[in-house]
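Here is a short note to read alongside the model. Please keep the structure open while going through the points.

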Amino acid sequence: MSRFGYDLEDPETYDSLVPLAIPHWEAYYRSAAGLIPPGARRVLELASGTGILTTMIRERIFGCEIVCIDKNPDMLAVARRMVSCSVFTIVDQITTRGNSE
């Protein structure tokens, strides 16, 4: 729960909170998608959330492989439903190896 009383980890309400948290959010995400070179064949999207940026990447560069990573598997489940893309990979299990020293 955020300090403002919003659950930012709830995928069912996350998209409705984005406009409150990010001014001009559509322009922000479109600008981010616009930074990807037009001929890109593969995109790694970190903190993919519910797939808002993923959808804009797909609209801009249809057919590229998009690999989505997020720590919240429930967010990725929403992204899986939201993004209609034939080449789309969800990574919902991340293993980290720490230094044991």
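This is a predicted model: local features need pLDDT of at least 70, side-chain atom pairs count only at pLDDT 80 or more; totals for chains, interfaces and linings use all residues.

1. H2 covers residues 25–34 and H3 covers residues 52–60. Their axes come within 9 Å and cross at roughly 55 degrees. An angle between 35 and 65 degrees is neither roughly parallel nor roughly perpendicular, and H2 and H3 are therefore oblique to each other. The crossing of the two helices is right-handed.

2. Which residues make the contact between H2 and H3? On the H2 side they are Trp25, Glu26, Tyr29, Arg30, Ala32, Ala33 and Gly34. On the H3 side they are Ile52, Leu53, Met56, Ile57, Glu59 and Arg60. Sorted by class, this contact has eight nonpolar, one polar and four charged residues.

3. Next, the nonpolar core. The largest one has 15 residues. Within this core, the residues with the most contacts are Tyr29, Ile36, Val43, Ile57 and Cys64. H2, H3 and strand S2 (65–69) are the elements that give two or more residues to the core. H3 gives the most, with four residues.

4. Tyr29 deserves a separate look, as it is named both in the contact of H2 with H3 and among the core residues with the most contacts. Setting aside neighbours within four places in sequence, Tyr29 is in contact with Tyr14, Val18 and Ile22, and also with Ile52, Leu53 and Met56. Ile52, Leu53 and Met56 are on the H3 side of the helix contact.

5. Val43 lies in strand S1, which spans residues 42–46. Is Val43 buried or exposed? Its relative accessible area is 8%, and the cut-off for buried is under 20%, so Val43 counts as buried. Apart from neighbours within four places in sequence, Val43 is in contact with Ile36, Ile57, Cys64, Glu65, Ile66 and Val67. Among these, Ile36, Ile57 and Cys64 are also listed with Val43 as having the most contacts inside the core. Val43 and Arg58 are 15 residues apart in sequence, and their C-alpha atoms are 10.0 Å apart in space.

6. Gly39 is in the loop between H2 and S1. The relative accessible area of Gly39 is 64%. Exposed means over 50%, so Gly39 is exposed, whereas Val43 is buried. How far apart are Gly39 and Cys64 in sequence and in space? The two are 25 residues apart in sequence and 8.4 Å apart in space, C-alpha to C-alpha.

Definitions and conventions
Residues are numbered from 1 along each chain as its sequence is written. Side-chain values use heavy atoms; hydrogens and water are left out. Axes are lines fitted to C-alpha atoms, for helices over the stretch in contact, and angles run from 0 to 180 degrees between N-to-C directions. Angles under 35 degrees count as roughly parallel, over 145 as roughly antiparallel, 65 to 115 as roughly perpendicular and the rest as oblique. A crossing is left-handed if the near helix is turned anticlockwise from the far one by less than a right angle, and right-handed if clockwise. Contact means heavy atoms within 4.5 Å. Ala, Val, Leu, Ile, Met, Phe, Trp, Tyr, Cys and Pro count as nonpolar, Asp, Glu, Lys and Arg as charged, and the others, Gly among them, as polar. A nonpolar core is a set of buried Ala, Val, Leu, Ile, Met, Phe, Trp, Tyr and Cys residues joined through side-chain atoms within 4.5 Å. Buried means under 20% relative accessible area, exposed over 50%, partly exposed in between (1.4 Å probe, protein chains only).
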